[in-house]
Each structure stands twice: as structure tokens, then as C-alpha cells.
Amino acid sequence: MKKETEILILGAGASGLMLASLLERDNYLILDNNPKVGSKILVSGGGKCNITNGNLKPKNYLAEQRFVRNVLKRFDNYDLLEWLGERGLKLVVRKNHQYFCKNSAKELVSLFEKEINSKKILLNQKIKEVKKIDRGFEVVTSRGSIFSKKVVVATGGLSFPKLGATSIGYDIAKTFGHKVSTISSALVGFTLQPEEFFFKELSGISTEVKITIGDRVIDGSLLFAHKGISGPAVLNASLYWKKGKITIDFIPSVNLEAIKSSKKNISRVLELPNRVAKAFLEKLEVEDRACRELTRDEWKKIETLKSYSFAPAGTFGFSKAEVTKGGVVLDEVDSSNMMSKKVDNLYFIGEVLDVTGELGGYNFQWAFSSAYVCAKGFRR
Ligand SMILES: Cc1cc2nc3c(=O)[nH]c(=O)nc-3n(C[C@H](O)[C@H](O)[C@H](O)COP(=O)(O)OP(=O)(O)OC[C@H]3O[C@@H](n4cnc5c(N)ncnc54)[C@H](O)[C@@H]3O)c2cc1C
């Protein structure tokens with residue numbers, strides 16, 4: 001039997017599920033290559049999904065600011081919290097205004113499952129191609145074709161291929177003449193050059209830092225990892241990294257002038273975890289002894305911890321990245337309904353667009369806000 005629908009949502013991730021939940025009539029189908037919906041939601045935020053942030057501004061996104069503002073003002077963090085609250089989802093606020101599911105990310109996925117007619121969800125179907133036909137679109141999948149008047153591309157980015165990510169959204173955009181800006185992994189750790197390999201021996205330890213990258217200064221924790229460096233401050237820095245150097249202040253709260261006369265050993269006053277302090281002192285060839293005994297040259301070396309500059313070798317890549325930077329260029333999409341300005345009835349929502357949020361719930365908020373704007377657009 002020929003499968004036909006009015007609205008076909010490609011991708012049952014964050015944005016696709018929100019869109020399907022907001023549609024008032026049963027005139028849609030939503031399909032995904034995974035055996036279940038919301039795969040990324042389930043693993044996000046350590047299994048508790050950082051849904052949004054209490055502090056939401058367009059500047060939390062690497063994107064064309066007017067477009068983002070237009071979308072967020074229609075459905076912002078408060079609207080999202082209200083919508084979720086009305087449906088009984090319990091949330092908690094943690095550090096940096098981040099909202100998480102109180103118990104488990106499964107509750108958010110269950111909420112969507114309740115809102116969506118299960119007969120409308122088609123799983124284990126890989127989208128291969130989208131073609132324009134007279135009455136709309138033919139979407140070719142691994143299980144045959146589906147015909148639809150409107151198609152919404154909600155297939156996300158390239159990060160975490162093991163959770164179903166593919167390049168199909170970008171491929172569809174290009175097929176229909178859309179520009180796709182350069183794609184790279186973001187919210188991801190950095191790998192190191194040999195000079196910084198000593199960081200790897202500190203794997204598992206985290207410390208508060210200030211990272212300067214271009215004209216951005218990012219505060220937060222850095223986690224020394226087996227493969228390099230990670231942690232919230234590093235992940236946010238990766239958003240702005242385009243090869244080249246980054247500068248890390250490893251001792252942001254230490255006033256070096258104030259400790260120079262201290263009787264305490266230098267490793268004790270640097271406000272670094274002991275093993276980290278020792279590793280840096282060894283690297284700098286400064287013997288760990290009373291601060292007031294250190295020479296001028298030694299203080300010069302210690303000062304470099306305030307502006308430790310180095311070029312990461314690369315990133316941990318798409319297999320570890322939380323998001324994909326770049327995507328479908330915004331000036332070819334209408335921010336009032338998320339429809340392509342090139343092809344009528346073709347829509348783009350979520351991460352497939354050239355919008356990348358900082359760490360802290362901003363990417364789910366974008367997925368949900370863009371889905372809302374799209375849903376409202378259908379009704380006009
Ligand atoms: C480990 C991890 C943790 C994260 N934690 C957070 C967090 O706590 N807070 C936050 O804000 N953001 C987080 N993110 C980012 C967030 O998950 C994404 O930005 C968000 O899910 C994007 O929503 P989307 O609907 O655009 O895409 P997705 O949610 O990725 O959905 C796209 C769907 O399309 C499907 N698909 C792709 N290609 C095909 C194809 N060819 N055929 C059929 N189906 C296909 C995919 O399987 C997927 O189900 C995290 C990401 C990862 C990887």
C-alpha cells in the first residue's frame with residue numbers, strides 16, 4: 001500500500017518529537033533509523049538531560065543572532081518549562097542555571113511518547129533520499145517510499161554516529177540548492193601535541209580554569225582526560241576553536257604578588273590539585289620549596305601558568321562531540337516558520353541548521369524552540 005501523509009517529519013530526536021507533540025491533527029508521520037525514539041535525549045546530561053537554561057540569550061549561540069532571537073522569542077526557556085510542567089515533568093535546577101530531569105531523561109522521552117500517536121512513529125527506517133514530485137515529496141527509505149506534501153528535516157548533526165547520526169539532513173539541503181556551512185565537531189575535548197602529553201598522566205583530575213580563545217574568555221572546569229583535555233570550559237572553548245592556539249589560566253584565583261613572600265611551599269598555594277601542581281612544577285623545572293625562596297626566573301616560569309598557551313592537536317572528533325558546528329545556512333530559511341526560502345513545504349529544524357549552542361541546555365532549547373515555530377507555521 002502506498003504510504004502517504006500531509007507532514008513527514010524526518011528524525012525522531014529532540015526537535016522532531018517536539019514538533020510531532022505540538023501538531024494538533026493526526027496528519028503526520030515521524031520516522032527514524034533507530035529502534036526507539038529520542039536516542040540522544042536518553043544519554044544526554046549523564047542520563048538526566050539538561051533540557052534548558054534559566055539564562056537564555058541569543059549570544060549563547062554561535063549563529064546569526066537575529067534569526068536565533070526571532071525563534072527564541074516565540075518559545076523561550078520559560079515557555080518550555082511551562083509546557084513541560086503542564087505535562088507533569090519534574091525538573092531540578094543545578095549549577096549555572098541548568099535545568100535537568102529530576103529522575104531520568106526517560107521521563108522526557110515518555111512525555112513525548114504520550115503526546116504522539118504511536119501509530120504515527122515509524123522506526124528502523126533509514127532515509128536515503130528526498131525527491132520533489134508534483135504533489136510534494138517522495139522520501140526514499142530503507143523500507144520503501146513515503147509520499148508527503150510537507151517534509152520537515154529534523155535529522156540533527158553528525159555527532160554520535162552510534163546513536164544514528166548521519167549526514168542526510170545536509171545532503172537533502174544540498175539536493176535542494178541550500179548552502180551548508182563548514183561542518184565540524186563541537187562541545188568536544190581537545191587532543192594534544194607532544195609538549196602537552198604530560199597532561200594525560202593527570203587523567204581524571206579536574207581543576208578550575210579560565211580559557212581565552214580569540215576574544216572569548218571562558219570560565220569553568222577543565223578535566224584532564226586519557227585522550228587530552230575535556231570538561232565544561234574546554235567543551236565551550238571548542239565552539240570557537242578554528243585550529244591555532246588557546247590560552248589557559250590554570251590559576252585564575254591566585255594573585256602571584258600576594259604569595260611571593262609566603263613561607264608555604266609553592267605547590268600548596270597555587271590552588272591546584274596537588275598532582276597537577278607537582279606536574280606543572282616538574283615541567284617548568286621549578287623545585288617545590290617555600291615561595292619566598294624562589295628566584296625571579298622561577299617566578300617568571302610560574303607566571304606562565306596564568307597564560308599557558310598552546311595549540312591543541314585536534315578534537316576528540318564526532319564520535320565524542322555533543323554537537324555539530326555549522327549546518328544549513330540560515331539566510332535561506334524563514335525564521336517565521338522554518339520553511340526553506342528555496343523550496344516550498346520543505347522545512348529545517350534543530351541541529352541541522354547552522355546554530356550551535358553553548359553547553360548548558362542550549363542545544364535542546366534550540367531544538368524545541370525551532371520545532372515550536374515550525375508547528376505554529378503549519379497552522380497559518
Ligand atoms: C552525548 C550527548 C549529550 C548531550 N547532552 C546535551 C544536554 O544535556 N543538553 C543539550 O542541550 N544538548 C545536549 N546534547 C545535544 C543535543 O542532543 C542535540 O543538540 C539535539 O538532540 C539536537 O536535536 P535534533 O532533533 O536536531 O537532532 P537529534 O536529536 O540528533 O535527532 C535526529 C534524529 O534523526 C535520526 N536520523 C539521522 N539520520 C537519519 C537517517 N538517515 N534516517 C533516519 N533517521 C535519521 C537520528 O537517529 C536521530 O534520532 C547532547 C548530545 C550528545 C551526543
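Arginine 289 and glutamate 293 form a salt bridge, with their closest N and O atoms 3.9 Å apart. A salt bridge here is a side-chain nitrogen of Lys or Arg within 4 Å of a carboxyl oxygen of Asp or Glu. Arginine 289 counts as buried because its relative accessibility is 18%; buried means under 20% relative accessible area, exposed over 50%, and partly exposed in between, with a 1.4 Å probe and protein chains only.

The model is predicted, so local features need pLDDT of at least 70 and side-chain atom pairs count only at pLDDT 80 or more, while totals for chains, interfaces and linings use all residues. Residues are numbered from 1 along each chain as its sequence is written, and side-chain values use heavy atoms, with hydrogens and water left out.

**Salt bridges**

The structure holds eleven salt bridges. Side chains of opposite charge can pair when their charged atoms come close. The table gives some of the pairs.

| Pair | Closest N to O distance |
|---|---|
| Glutamate 257 and lysine 260 | 3.0 Å |
| Arginine 289 and glutamate 293 | 3.9 Å |

Helices (H or I, at least four residues) and strands (E, at least two) are DSSP runs, numbered from the N terminus. Arginine 135 counts as exposed because its relative accessibility is 52%. In the second pair, glutamate 257 is exposed at 58%, whereas lysine 260 is partly exposed at 24%.

**The strand pair**

Strand S8 (residues 127-133) and strand S9 (residues 136-141) run antiparallel and are joined by six bridges; two strands pair if DSSP finds at least two bridges between them. The hairpin from S8 to S9 passes through two residues. Lysine 131 stands opposite glutamate 138 in S9.

**The ligand site**

Which residues come nearest to the ligand? They are Ser15, Asp32, Asn33, Thr166 and Glu351, out of 33 residues around it. A residue is near a molecule if one of its heavy atoms lies within 4 Å of it. This shell divides into twelve nonpolar, 16 polar and five charged residues. Helix H1 (14-22), helix H2 (39-43) and helix H12 (362-379) each supply at least two shell residues, and H12 gives the largest share, four residues.

Several N or O atoms of the protein lie within reach of a polar contact, a pair of N or O atoms within 3.5 Å. A side-chain N or O atom of asparagine 33 is 2.7 Å from an oxygen atom of the ligand. For isoleucine 127, a backbone N or O atom lies 2.8 Å from a ligand nitrogen atom. For asparagine 363, a backbone N or O atom is 3.2 Å from a ligand oxygen atom. The ligand taken alone exposes 990 Å², and the protein buries 95% of that; these accessible areas come from the Shrake-Rupley method with a 1.4 Å probe.

**Two loop residues**

Cysteine 49 is not a glycine, yet has a positive phi of about 55°. Cysteine 49 lies in the loop between H2 and strand S3 (50-53) and is buried, with a relative accessible area of 0%. Glutamate 271 also has a positive phi, near 55°. Glutamate 271 sits in the loop between helix H9 (266-269) and helix H10 (274-284), and is exposed at 53% relative accessibility.

Technical notes. A polar contact is a pair of N or O atoms within 3.5 Å; within protein, one must be able to donate a hydrogen and the other to accept it, and residues adjacent in sequence count only if both atoms are side-chain atoms. Ala, Val, Leu, Ile, Met, Phe, Trp, Tyr, Cys and Pro count as nonpolar, Asp, Glu, Lys and Arg as charged, and the others, Gly among them, as polar.
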